[in-house]
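User: Hello! I have a structure on my screen and would like to talk it through with you. Could you help me find my way around?

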Amino acid sequence: MEERFSKQQRMYDESYIRAREDTISNLPDSLLCQILSYLPTKDTVGTSVLSHRWKSVWLLVPNLDLSSSEFRHYDTFVSFIDKLLAFSREENSLLYKVKLSLQKEDGNDQSCVTRWIDSVANPKLDHLDVECTLANRKFLEVIPQSLYVCDTLVYLRLHRVSLGELESVSLPCLKTMRLEHNVYASDASLELLISSPPALEDLSVVRMVPDNVKVLRVRSQSLTSFHVDYLLGEGDDYVDALERGKDSGVLIDAPRLKYLKFDDDLSDFKIITTNTVSLEKVNVAFVFGEHDFIDLVDLTKRNMVSGFFKSISGVKEMKISSYTMEFLDFNRQDELYDPLPQFCNVSTLKVAFYVSNLDMMLPTLLESFPNLKSLVLKLDYYDPSREEEAADVRLSSVVVPQCLLSSLESVKIKRFNRGPVYMEVARYFLENSQVLKKLVLEFRCLVVEDGFNMLRELIALPRRSSSCQVLLC
């Protein structure tokens with residue numbers, strides 16, 4: 001009886017599956033293509049073995065998302081793309097989204113990106129992402145002129161390719177552009193690419209040394225978010241450290257800019273030329289060259305840093321790296337030191353310190369943020385084995401920054417432990433913050449008992465704010 005029931009159940013399941021398969025297979029090509037467009041190309045190709053109905057449906061999918069790493073041989077990858085694009089041309093099938101990742105190991109791998117972009121730069125192309133890795137600068141793929149007159153393109157990412165001299169640029173719908181580790185024809189050519197799209201909102205430029213650009217000029221009336229970085233590209237380690245970024249700079253003219261992230265530690269100067277009333281959030285990882293500590297007497301660089309901070313004094317949120325804080329600490333000790341401006345609009349600050357800069361720079365920094373409400377603090381490269389040196393850290397309460405007396409409501413300390421530096425920081429905020437509502441400590445300990453002991457020590461500390469809670473997470 002059970003065996004007959006089990007057999008009937010299997011027959012029902014198989015019939016149900018066939019019915020479901022037939023239901024899906026009977027859908028029109030347009031709907032099947034839309035479903036398959038959410039899958040990587042290698043998975044859409046896999047559907048061709050399902051049945052005769054599915055054999056060629058994947059060829060009509062308007063998306064192409066493929067990496068050469070998915071093929072055993074690079075030439076096989078190139079041949080596959082060539083045949084797919086040839087079929088698209090024959091069938092008048094237009095691609096809306098193209099994402100290609102190429103891993104070229106030497107100059108023997110054939111060049112193909114130029115003809116591929118020429119083929120896909122159609123009136124319907126919306127999204128283009130081309131990434132070339134492991135490529136020597138001598139063998140970079142070249143981006144054709146056809147890309148720069150693509151009227152429907154909304155998203156563009158180019159990684160480690162060569163952009164020649166631009167004849168004209170017409171990208172009226174482009175909103176997001178990512179330029180990473182590329183080589184450009186000139187300063188003017190890159191400026192034209194950045195300034196021409198009238199709808200550009202989000203721009204990221206990760207520069208490679210050298211990239212044929214001295215001054216990165218960002219001029220845009222529509223730009224709201226900008227991230228700049230300056231790194232060594234893959235295989236470029238032969239560039240002399242003191243030559244990196246020599247006489248180079250960043251110039252920003254973007255009146256609608258709201259978010260700015262600076263990771264550029266190689267350019268010699270950074271200038272914001274427009275009114276920054278709209279600027280809301282700034283992430284300052286570096287604002288000077290890595291060899292600037294050698295040039296502490298260089299007033300030009302020091303004035304550049306001072307001018308940069310003054311130009312962003314109207315922001316609402318800021319993030320500062322420990323490297324930047326160390327630079328400010330070095331210069332604070334000089335009689336010509338120009339203190340930070342007042343950031344009266346900043347309500348949220350995220351900052352990292354080296355332990356050596358903490359005792360003097362934390363109170364000094366907070367004095368520049370009189371209306372601060374939320375602070376996230378992190379200590380970098382704290383070595384617990386040097387606790388005797390760290391035990392000397394004392395945060396002065398003689399002059400309490402204004403924000404501790406009137407506005408600071410939340411403090412979070414990352415990577416907290418029972419070390420003397422961390423306990424001193426916790427004591428400083430608990431004893432001096434008059435309106436503090438919560439002190440959040442992200443702690444790491446090996447055993448639960450250590451967490452309880454730490455909590456008992458923290459609870460025993462006196463608090464200036466009666467409503468303050470100490471939270472461990």
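This is a predicted model: local features need pLDDT of at least 70, side-chain atom pairs count only at pLDDT 80 or more; totals for chains, interfaces and linings use all residues.

User: Let's begin with the overall picture. What percentage of the residues in the protein chain is buried?

Analyst: The chain holds 13 helices and 21 strands. Of its contacts with a separation of 6 or more, 68% join residues 24 or more positions apart. Among the 473 residues of the protein chain, the buried share is 48%.

User: Now for helix packing. Are H4 and H5 roughly parallel or roughly perpendicular to each other?

Analyst: Helix H4 covers residues 74-90 and helix H5 covers residues 113-120, with their axes 11 Å apart and an angle of about 20°. Angles under 35 degrees count as roughly parallel. H4 and H5 are therefore roughly parallel.

User: How do the residues of the contact of H4 with H5 divide by class?

Analyst: From H4 come Phe77, Val78, Ile81, Asp82, Leu85 and Arg89, and they meet Arg115, Trp116, Ser119 and Val120 in H5. By class, the residues of this contact are six nonpolar, one polar and three charged.

User: How is H8 oriented to H9, roughly parallel or roughly perpendicular?

Analyst: Helix H8 (residues 322-332) and helix H9 (residues 355-366) have axes 10 Å apart and pack at an angle of about 85°. Angles of 65 to 115 degrees count as roughly perpendicular. So H8 is, relative to H9, roughly perpendicular.

User: Which residues of H9 make that contact with H8?

Analyst: On the H8 side, the contact is made by Met325, Glu326, Leu328, Asp329 and Arg332. H8 itself is largely enclosed by the rest of the structure, because nine of its 11 residues are buried. The partners from H9 are Ser356, Asn357, Met360, Met361, Thr364 and Leu365.

User: I also noticed the backbone at Arg160. Is Arg160 buried or exposed?

Analyst: Arg160 lies in the loop between strand E5 (155-159) and strand E6 (162-163). Its phi is positive, about 55°, although Arg160 is not a glycine. With a relative accessible area of 0%, Arg160 is buried.

User: What is the relative accessible area of His181?

Analyst: His181 sits in the loop between strand E7 (176-180) and strand E8 (183-184). It is not a glycine, yet its phi is positive at about 60°. Buried means under 20% relative accessible area, and His181 is buried with a value of 10%.

User: Last one: how far apart in space are Pro210 and His181, C-alpha to C-alpha?

Analyst: Pro210 is found in the loop between strand E9 (202-208) and strand E10 (215-219). Pro210 is partly exposed, with a relative accessible area of 40%. Pro210 and His181 are 29 residues apart in sequence, and their C-alpha to C-alpha distance in space is 9.3 Å.

How values were computed:
Residues are numbered from 1 along each chain as its sequence is written. Side-chain values use heavy atoms; hydrogens and water are left out. Axes are lines fitted to C-alpha atoms, for helices over the stretch in contact, and angles run from 0 to 180 degrees between N-to-C directions. Helices (H or I, at least four residues) and strands (E, at least two) are DSSP runs, numbered from the N terminus. Angles under 35 degrees count as roughly parallel, over 145 as roughly antiparallel, 65 to 115 as roughly perpendicular and the rest as oblique. Contact means heavy atoms within 4.5 Å. Ala, Val, Leu, Ile, Met, Phe, Trp, Tyr, Cys and Pro count as nonpolar, Asp, Glu, Lys and Arg as charged, and the others, Gly among them, as polar. Buried means under 20% relative accessible area, exposed over 50%, partly exposed in between (1.4 Å probe, protein chains only).
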